[in-house]
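Subject: Structure handover

Hello,

Here is the structure I promised to pass on. My notes follow below it.

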Amino acid sequence: MHIFNRFTHETPESVELEFTLAGIGSRAWALLIDYHILGLLAVVFLVVWSIISYQLVDLLSSLFRSADIGLWLVAIALLVMFFLYTGYFVLFETIWQGQTPGKRFAKIRVVRDDGRPISIGQATLRSLLRAFDDSLFIGAFMIMFTRKEKRLGDLLAGTIVIQAESPQAAANFPISESANNLAPQLLYETDFSQLLPDDFAVIREYLQRRKAMTLKAREQLSLQLAQQAKNIIGLEKLPAAVTPDIFLEAIYLAYQNEKPL
Amino acid sequence: MSQSFSSPSPMQPLSIGNVVTAGVRLYRSNLKTYLRLALFAHLWILVPIYGWAKFAAISGLISRLAFGELVNQPESVSIARSKIKPRLWSFFIVGLRVGFFMTLIYIGLLILGIILGAIVGALLGLILGSSFASVGIGILTIVFIIVFLFGLIWFYSRWMIAEVPLAVEDGINATQSVERSWELTKTSTLRIQGVLLIAFAIALPALLLFNYLPQLFLIRTPSGSTAYWTIYLISRIISLVGGIFVMPFWQAIKAVLYYDLRTRREGLGLKLRDRNI
């Protein structure tokens with residue numbers, strides 16, 4: 001099962017670029033956040049505007065000698081609301097390279113079909129068509145049921161929404177003293193050439209995430225990984241004095257020392 | 001290596017949005033299978049007790065099928081069903097347990113709210129005088145309703161996947177399944193609420209069409225009349241039909257959530273390659 005919708009784009013130079021499309025969940029999440037921010041902005045604006053209007057309406061009426069000044073103020077307010085609604089997306093998608101606050105939070109990004117950053121024109125087109133996409137959930141259905149997950153705005157502007165690449169988090173897990181001592185010994189006694197980058201990645205992933213795991217699962221998993229790692233590097237049996245966790249830490253260190261990154 | 005730099009690695013936990021996306025994609029690629037199962041499940045609802053147990057078991061079955069795909073061990077419906085079948089009544093008990101707990105919590109929160117409200121209201125009345133106190137009580141009521149809803153959702157998200165372990169894992173009974181749900185969700189309640197929110201937003205078109213729209217006609221009809229009962233019956237049937245479409249979506253999301261929680265809490269999928277030397 002492919003959880004993620006990937007698609008490749010071939011550049012004129014025959015370079016293949018692979019994107020992971022954002023998916024309906026992240027896009028809905030981003031939109032929910034953005035609309036809450038917009039809603040808040042709109043409320044603040046309306047409150048301020050009505051206070052100002054209330055103060056000014058008499059002054060302006062006498063100034064312009066027009067009875068319709070109230071209507072004008074309402075019209076201006078509506079216009080500002082419209083610009084707020086479209087401008088919000090255009091502004092952020094342009095200056096933040098395809099991200100709005102919501103998209104940033106949901107870790108997605110709008111780009112051109114070929115992966116380049118979008119232009120202000122494309123951002124505007126997307127933003128203007130958003131109202132159509134929102135009505136009757138047209139956009140949501142198009143994202144769910146089309147291959148490239150394009151809503152009307154994306155189709156017209158020639159854009160796609162992809163998962164923002166997340167650079168791998170720096171290793172920030174504690175490594176015990178005994179692992180530091182064990183590592184050189186392992187390097188000396190065993191054969192690390194059999195341990196492939198994929199295996200190393202799994203061990204690193206375990207060490208990184210073990211804190212969030214339940215105690216029981218952690219005990220089982222670390223023992224299992226340690227056994228598997230032991231077989232790979234050709235060790236007779238696990239060193240009796242150390243826990244599986246320490247053994248895995250030592251392997252992590254030893255691998256790095258053997259193949260400096 | 002075919003894996004691209006920007007794509008999330010399969011062993012890493014999913015983001016909130018990706019949980020929902022994966023649910024939608026699972027549903028989409030198994031549309032016919034899931035819908036057929038959901039149809040039978042909803043027909044079973046009409047039969048008391050035994051039918052309800054069937055409904056719970058078929059819901060679990062859909063989650064099991066979805067989970068199988070997530071771990072790249074897909075099962076046919078008949079095989080999955082044979083695994084689920086002996087546990088029919090356990091599914092019913094899971095439903096009862098969670099329902100019972102939720103009712104208790106509902107009542108408990110309500111009583112707590114009323115007592116607290118009465119005390120604070122009385123205090124406000126003493127301090128501020130009656131005219132201001134009514135404003136205070138108004139604000140208090142709103143705050144209470146929000147806390148009440150959050151409390152309910154909080155507990156619900158702890159038991160949201162209560163039947164999935166029972167559907168997926170071997171040698172587990174109803175009680176253990178509910179406990180597993182409680183344990184797995186321990187550090188993730190906020191994330192689950194995010195998932196619930198997004199899933200709800202995406203299911204909204206279906207909910208509007210099948211559940212809320214028919215209710216609108218009821219408001220305009222005088223209650224007790226024949227017309228009222230006719231419309232009521234029709235709206236119940238329509239919402240049952242809506243359930244057929246929405247239920248597999250929830251079950252798929254639950255399966256993804258369960259998969260993701262196990263990835264986080266138990267390191268599911270972390271495994272070094274097997275070697276035959």
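A:Lys103 and A:Glu93 form a salt bridge, with their closest N and O atoms 2.9 Å apart. Please keep in mind that this is a predicted model. A:Lys103 sits in helix α3 (residues 101–106) of chain A and A:Glu93 in helix α2 (residues 69–95), so the pair ties together parts ten residues apart in sequence. A:Lys103 is buried, at 7% relative accessible area. A:Glu93 is also buried, at 1% relative accessibility. Both belong to a network of salt bridges that links A:Arg27, A:Glu93, A:Lys103, A:Arg126, A:Arg130 and A:Asp154.

Other salt bridges

Over all chains, the whole structure has 23 salt bridges. Two more are worth a look.

A:Lys150 pairs with A:Asp113, the closest N and O atoms being 2.9 Å apart. This pair links distant parts of the chain, 37 residues apart. A:Lys150 is in the loop between α5 and α6 (152–157) of chain A. A:Asp113 is in the loop between β3 (108–112) and α4 (120–134) of chain A. A:Asp113 counts as partly exposed, at 26%.

A:Asp245 forms a salt bridge with A:Arg210, and their closest N and O atoms are 2.9 Å apart. A:Asp245 lies in helix α10 of chain A, and A:Arg210 in the loop between α8 and α9 of chain A. They are 35 residues apart. A:Asp245 is buried, at 13% relative accessibility. A:Arg210 is buried, with a relative accessible area of 6%.

A:Arg210 is also in contact with A:Glu249. A:Glu249 is in helix α10 (residues 244–258) of chain A. At 5% relative accessibility, A:Glu249 counts as buried. Beyond its neighbours within four places in sequence, A:Glu249 has contacts that include A:Pro174, A:Ile175, A:Ser176, A:Ala179 and A:Leu207.

The chain A–chain B interface

How many salt bridges cross the interface of chain A and chain B? The rule finds zero. Eight residue pairs are in polar contact between the two chains, both residues at pLDDT 80 or more. The area buried between chain A and chain B is about 3900 Å², and carbon and sulfur atoms give 63% of that. Chain A brings 43 residues to the contact and chain B brings 45.

On the side of chain A that touches chain B, β2 (16–20), α1 (23–64), α5 (138–145), α8 (197–209) and α9 (215–233) each supply at least two residues. α8(A) gives the most, with eight residues. By class, this side has 24 nonpolar, twelve polar and seven charged residues.

Nonpolar cores

The largest nonpolar core has 82 residues. Which residues have the most contacts inside it? They are B:Ile202, B:Phe249 and B:Leu257. Helix α10 (residues 226–266) of chain B gives the largest share of this core, twelve residues. Leaving aside neighbours within four places in sequence, B:Ile202 is in contact with A:Ile24, A:Gly25, A:Ala28, A:Met144, B:Val20 and B:Phe249. A second, separate core has 32 residues, among them A:Leu182, A:Leu221, A:Ile246 and B:Leu272.

One more residue in chain B

B:Arg36 is in helix α2 (residues 31–44) of chain B. B:Arg36 is partly exposed, with a relative accessible area of 49%. B:Arg36 and B:Phe245 are 209 residues apart in sequence. In space, they are 9.9 Å apart, C-alpha to C-alpha.

Best wishes

Conventions:
Residues are numbered from 1 along each chain as its sequence is written. Chains are lettered from A and ligands numbered from 1 in the order in which they are written. This is a predicted model: local features need pLDDT of at least 70, side-chain atom pairs count only at pLDDT 80 or more; totals for chains, interfaces and linings use all residues. Side-chain values use heavy atoms; hydrogens and water are left out. A nonpolar core is a set of buried Ala, Val, Leu, Ile, Met, Phe, Trp, Tyr and Cys residues joined through side-chain atoms within 4.5 Å. Buried means under 20% relative accessible area, exposed over 50%, partly exposed in between (1.4 Å probe, protein chains only). Helices (H or I, at least four residues) and strands (E, at least two) are DSSP runs, numbered from the N terminus. Contact means heavy atoms within 4.5 Å. Buried area is the accessible area (1.4 Å probe) that two parts lose on being put together, summed over both. A salt bridge is a side-chain nitrogen of Lys or Arg within 4 Å of a carboxyl oxygen of Asp or Glu. A polar contact is a pair of N or O atoms within 3.5 Å; within protein, one must be able to donate a hydrogen and the other to accept it, and residues adjacent in sequence count only if both atoms are side-chain atoms. Ala, Val, Leu, Ile, Met, Phe, Trp, Tyr, Cys and Pro count as nonpolar, Asp, Glu, Lys and Arg as charged, and the others, Gly among them, as polar.
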